[in-house]
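Thanks for passing this one along. Here are my notes, as numbered points, to read with the structure open.

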Amino acid sequence: TRNSRRGGMGIAASRIDADAAGDAATYCAAKGWTVGLPVNDGNRVAADILTDVVNTYRGALTAAGGTFKLRFLDLDYEAPVMDLTEEDVVRGESGSSLRIRQPSLFDAPNSVRIKYLDGEINWQENDYVLADPDAVEGDGDLREETVELLGINGTANVQKMANYWLERLRHNREASLAAGSRCLALEPLDLVTLTHSLPGWDGQYLRVEGVALQPDGSVGLSLLEENAAFYNDDYDGV
């Protein structure tokens, strides 16, 4: 948390949510996520090193209300903080404010290349490639996306994260809506559920990506659709 000549983040310890940091540490221990990452490179700033660390467990440092939290994404270890229904979604002149964006299939990768530092070869950069052969055949070509997870440690963890990212990137459906004032309490990366007749959702898991107070007093939410199958460490092609 200290400020250093190489760009320390300068966050006072009193502004860090110790409970959230403890929860993240407990989660990493339960899942076996470990970090193997040189941090003595004088050319790297603290924020970049922290990003490499939290990426190893699908984590992030978020800020809300002047407090910083270490968060993680895993439906097997999280509970929704709020259950939303159709009544929470503000209606406008043209109907419901709920909007769902399904990325084009032409934008969905069918292969991921994980770049990581391999402890078995003296922490040199290595690649692990996971492709979905059925998707490649169906899409008509190979569409690969690179994900840098430089701090991830161990081949087994690299493989698990490749499974997650390929499923996540192929799905990647987003939603947005205007909600009532109670949703102003939500924070980035919070997990919520939504039951709504328009998409036929019954307790659909959604991840909060952004929260903004609108001029009319409603709360604009940007959300990412979640699926428990993303987190089972296998590639199910969901």
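1. Start with H196, which sits in strand β11, the stretch covering residues 191-196. Bear in mind throughout that this is a predicted model. Is H196 buried or exposed? Its relative accessible area is 4%, so H196 falls under the 20% cut-off and counts as buried.

2. Which residues does H196 touch, once you set aside its neighbours within four places in sequence? The contacts of H196 are E86, V89, S96, L98 and W201.

3. R99 is worth a look next. You'll find R99 in strand β6, which runs over residues 99-101. R99 comes out at 43% relative accessibility, so it lands between the 20% and 50% cut-offs and is called partly exposed.

4. Not counting residues up to four places away in sequence, R99 touches S94, E174, A175 and S176.

5. Now the cysteines. C183 has 0% relative accessibility, so it is under the 20% cut-off and counts as buried. C28 is also buried, at 14%. How many disulfides does the structure hold? The number is 0. As a reminder, a disulfide is a covalent bond between the sulfur atoms of two cysteines.

6. Zooming out, the protein has 4 helices and 13 strands. Take the contacts between residues at least 6 apart in sequence: 67% of them join residues at least 24 apart.

7. Along the principal axes, the C-alpha atoms fill a box of roughly 60 × 55 × 30 Å.

8. As for the surface, the protein exposes about 12,400 Å², with carbon and sulfur atoms supplying 48% of that area. Buried residues account for 40% of the 238 residues, and H196 is one of the buried ones.

9. Last, the charges. The protein carries 21 positive and 39 negative charges, and their mean positions lie 6 Å apart.

Definitions and conventions
Residues numbered from 1 in each chain as written. Predicted model: local features only at pLDDT ≥ 70, side-chain atom pairs only at ≥ 80, totals over all residues. Heavy atoms only, no water. Helix = DSSP H or I, 4+ residues; strand = E, 2+ residues; numbered from the N terminus. Buried < 20%, exposed > 50% of the residue type's maximum accessible area, 1.4 Å probe, protein only. Contact = heavy atoms within 4.5 Å. Areas by Shrake-Rupley, 256 points an atom, 1.4 Å probe, with all protein chains shown as cover. Lys, Arg positive; Asp, Glu negative; His and termini not counted. Charge placed at Lys NZ, Arg CZ, Asp CG, Glu CD. Disulfide = S-S within 2.5 Å.
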